[in-house]
Amino acid sequence: NLVFFDTAASALKVDVMIEATKNCYAYEYSNIHRGMYELSANLSKKYEDSRITVSQFINSTSNQNIIFTKNATEGINLVSSCLSNNYFKDNDEIIISYLEHHANIVPWHLSNKKINIVPVKINQFGEIDYQDLISKINSKTKLISLTHMSNVTGTLIDFTRIKELRKKYNIPLLVDGCQYVPHKKLDIKDLDPDFYVFSAHKLYGPSGLGILYIKDKWLDLFSPYQGGGSMIKDVEINKSTYASGFEKFEAGTPPIAQVIGLSASLDFLNNLDLDVIFKHEMFLHDYMLEKLKSFNDIDIYGNSKSKGAIISFNIKNAHYNDVALLLDKKNIAIRSGHHCAQPLMKYLDLKGTARASFGVYNSQNDVDYFIESLKSIIKILK
């Protein structure tokens, strides 16, 4: 009877993914890419077929632009490290927004160059201020790095406008798609970013796996992020030469079973149709939002017309953690806190919020039970 409204943090897992992962370990497992025996050859092919599945899922022209990492955060760290070593100079600027998750802030702090991070303001609707973005572009701007969908407010970024800007000024673009990809169809060819990251665990898939899409020009320019087996061409005691393309960024034994599991979860999503999933989630979002608006003592944050199924709120004079704990007693799971978005919280003059986020498994009955539970909780907290 669990009511799970924390899909923005991590999605619950679908049976086909669990079964595929179990079968991989139980009947198919070996190390891949280097074995001469049939078991290894078969799993190597299945692993690389999964790379094709990922590529097709985002409508990439080639599976050679897909890099598997341990999570989306590592994908951004990989880009940050490689840009710092191969592209950035001291006093270059990166434009981000106040909507960003810490994963799109902290890696830039770790650059070995003196990088200035320039934040874009957000308006009263929780959207980025595009005029402010334009005003902050100058000759020192070397990267625009933005979320596709806010994990706090659900706000969707209008990348049609961003696309025109970056092409006009020839600025590379990184997009954090962790919240977007599980809910809306991504057309990477149309979006045309230089880098795009997302995570398997939010796609009803396994944890421990991230996906980095990277354009050819950067694959050629960047030197390896980590060293070890698999990413080499030749090794001597005092020097190494490296593999080319995505292979030079996948050092060591890869997340084999996770990649097989992700492929199964993507098949599940393809069979359902992401457009249908998004409509279902937004119906529940709008249904919950209308009921929450009828409360006199609830503040809701972010009311963009273009958004995903995430609602952040606070009950007046109540702590968001208390709200989450009391809902948990009724077997309702929500997230509470700063949601790894402390700059946004400070911008909004908040310490944190309670957050409900929706997935394919949620129903109208879940929302009704949530609202009734919230009413009883408000009585307790008052």
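Residues are numbered from 1 along each chain as its sequence is written, and side-chain values use heavy atoms, with hydrogens and water left out. Because the model is predicted, local features need pLDDT of at least 70 and side-chain atom pairs count only at pLDDT 80 or more, whereas totals for chains, interfaces and linings use all residues.

Helix H2 (residues 38-57) packs against helix H9 (residues 256-272) at an angle of about 40°, the two axes being 9 Å apart; helices here are DSSP runs of H or I with at least four residues, strands are runs of E with at least two, and both are numbered from the N terminus. Axes are lines fitted to C-alpha atoms, for helices over the stretch in contact, and angles run from 0 to 180 degrees between N-to-C directions. H2 is therefore oblique to H9, a term for angles that are neither under 35 degrees (roughly parallel), nor over 145 (roughly antiparallel), nor 65 to 115 (roughly perpendicular). The residues of H2 that meet H9 include Leu 43, Tyr 47, Val 54 and Phe 57, and their counterparts in H9 include Ile 256, Val 259, Leu 266 and Leu 269, where contact means heavy atoms within 4.5 Å.

Ile 117 lies in strand S4 (residues 116-120) and is partly exposed, with a relative accessible area of 27%; buried means under 20%, exposed over 50% and partly exposed in between, for a 1.4 Å probe and protein chains only. When residues up to four places away in sequence are not counted, Ile 117 touches Ile 94, Ile 96, Ile 105, Trp 108 and His 109. Its C-alpha atom is separated by 6.1 Å from that of Ile 95, 22 residues apart along the chain.

A search of the whole structure finds 0 disulfides, a disulfide being a pair of cysteine sulfur atoms within 2.5 Å. For Cys 82, the closest cysteine sulfur, in Cys 178, is 18 Å away and therefore too far for a bond. Cys 82 is buried at a relative accessible area of 1%, and Cys 24 also counts as buried, at 0%.

Two residues other than glycine have positive phi values: that of Asp 192 is about 60°, and that of Asp 349 is near 60°. Asp 192 is placed in the loop between helix H7 (188-191) and strand S7 (195-199), while Asp 349 is placed in the loop between helix H12 (342-347) and strand S15 (353-357). Asp 349 counts as exposed, at 70% relative accessibility.
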